[in-house]
Amino acid sequence: MEKYYIITFGCQMNRSDSERIATILEDIGYEKASNANGADLIVVNMCSVRQSAVDRVYGLYSKFKKLKSGNKNLKTILTGCVLKEDKRKFAKLFDLILDIKDLSKWSQKLNVPCSNIYRYKEQNNDYLKIKPKYQTLFSAYVPIMTGCNNFCTFCVVPYLRGQEISRSAEEILFEVKNLISQNYKEIWLLGQNVNSYKDGKINFPKLLKTINEIKGDFWIRFTSSHPKDFSDELIDAMAKCEKVTEYLNLPVQSGDNEVLKRMNRPYTIEHYKNLVKKIREKIPEISLSTDVIVGFPGETREQFENTVKLFKKIKYNMAYIAKYSKRPQAKAFLLEDDVSYQEKERRHKILTEILKKTALEKNKKYIEKEIEVLINSSKDNICFGKTKTYKTVKLQTTNYKLQTNLVGQFVKIKIIDALPWGLKGSIEIKKEALALKLKLFET
């Protein structure tokens, strides 16, 4: 049986798409390989939103050349959010470049017969209806919509994924209920802007409340949100739904109003700060992260200083700081990229240093507290997990059996130390309880 391997570069939506790719490939007879070296088909699922992701795909050239020299039948596919210009550049590197939206038609492109159910889905042309091959048994991505109507000048997503399309609430709830019945512990609701979700009378806050009412022991997370339409109704829903985690990624992109205008971000910093204030008043334990771009065309040092002031004011728990890179098709591509790489690097370091201080300050408040953690991996006698506030926790254990069986479970952990980017914890389980826990796991 021929084997496949998927390499994913991009956001959670790309990772969710990769789970659907796996379903199609296994349906047409492929088996998953443990690594690229043992694959007969390699799929690269990329995102052209940032140049860094494009560069990583270019970096595969020598690896693919070597693999093909050892396996003459090896096929390579490129998919995901791929710009026309990148498709032309990658044409020589890949055997096929396929649209993720045409996923149900891939069997035709590969000349492999597909089951009737996917021929039916070809007629509907809705790849999100394809059941994903979830990568874990405890955490699942559930796209609730795709596409974007915002057209930020630095972003190419609307041109690649199209405008917003919401999945039916019935379809989403069916998928979530099925996951909970299988004892999944973490549900990620995905969309380019989940705030815009709408299915009849059901908007995003109502969807959150409906999922929250499903019986079971699980967390609800979501990404991403736009400050322009983050409503009071959504804040109230987050505050009242006990399964919705106290974590929010709220991209600001810049701390300067003039730069925001050039980015086509239709809000002011005053609006953003007031929004954060309302969220923190309703949800005091909220952990707040953001996305920000340094060195956007025309960003002066004075304008960057406004972003510095915002970082000091908001005191984020985490921030994803990107150095601006020109992307063809995005409107900002026509603007002069007039901030040098060295200056972008300097600004990146300044914000990172502020973030390290505020993140460490906030993380120290967890020390000596016992909190619930979802363990998501283990290696070399160390478990890693996430708190409800999306803090990474490192847990040392010498009990290998306990270590492996804790993965995918909620565990009460005492925090003993704090770092800027995470926490360290310890676990104390009485021998009788440990024996019972291990016995349960074994059965």
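Start with what surrounds the largest pocket: α1 (12-27), α2 (51-58), α7 (157-161), β9 (186-190), β13 (247-249), β14 (287-294) and β15 (318-323) each put at least two residues into its lining. Helices here are DSSP runs of H or I with at least four residues, strands are runs of E with at least two, and both are numbered from the N terminus. Keep in mind that this is a predicted model, in which local features need pLDDT of at least 70 and side-chain atom pairs count only at pLDDT 80 or more, while totals for chains, interfaces and linings use all residues. Residues are numbered from 1 along each chain as its sequence is written, and side-chain values use heavy atoms, with hydrogens and water left out.

How much volume does the largest pocket have? About 1,400 Å³, and of the 46 residues lining this pocket, Cys11, Val49, Arg50, Ser224 and Asp291 are the closest to its centre. A pocket is an open set of points on a 1 Å grid over the protein atoms alone, where a 1.4 Å probe fits, with protein on both sides within 12 Å along at least five of seven lines; lining residues have an atom within 4 Å of a point. The volume is the space filled by probe spheres set on the points, which are joined across faces, edges and corners. The lining splits into 23 nonpolar, 15 polar and 8 charged residues, where Ala, Val, Leu, Ile, Met, Phe, Trp, Tyr, Cys and Pro count as nonpolar, Asp, Glu, Lys and Arg as charged, and the others, Gly among them, as polar.

The second largest pocket holds about 540 Å³ of space. Its lining has 24 residues, with Arg15, Glu19, Gln135, Thr136 and Tyr141 nearest the centre. Two or more lining residues come from each of β1, α1, β6 (139-143), β9 and β16 (370-379), and α1 gives the most, with 6.

Now for the sheet, which is open and has 5 strands in the order β2-β1-β3-β4-β5, with parallel pairing. β2 (31-32) and β5 (96-97) sit at the edges with a single partner strand each, so one side of each has no neighbour in the sheet. Strands pair if DSSP finds at least two bridges between them. Strand β3 (residues 41-47) is joined to β1 (residues 3-8) by 5 bridges, with Ile6 opposite Val43, and to β4 (residues 75-81) by 7 bridges, with Asn45 opposite Thr79.

Is β3 buried or exposed? Buried, in 7 of its 7 residues, meaning under 20% relative accessible area (1.4 Å probe, protein chains only). Leu41, Val43, Asn45 and Cys47 cover one side, and Ile42, Val44 and Met46 the other.

Methods. Buried < 20%, exposed > 50% of the residue type's maximum accessible area, 1.4 Å probe, protein only.
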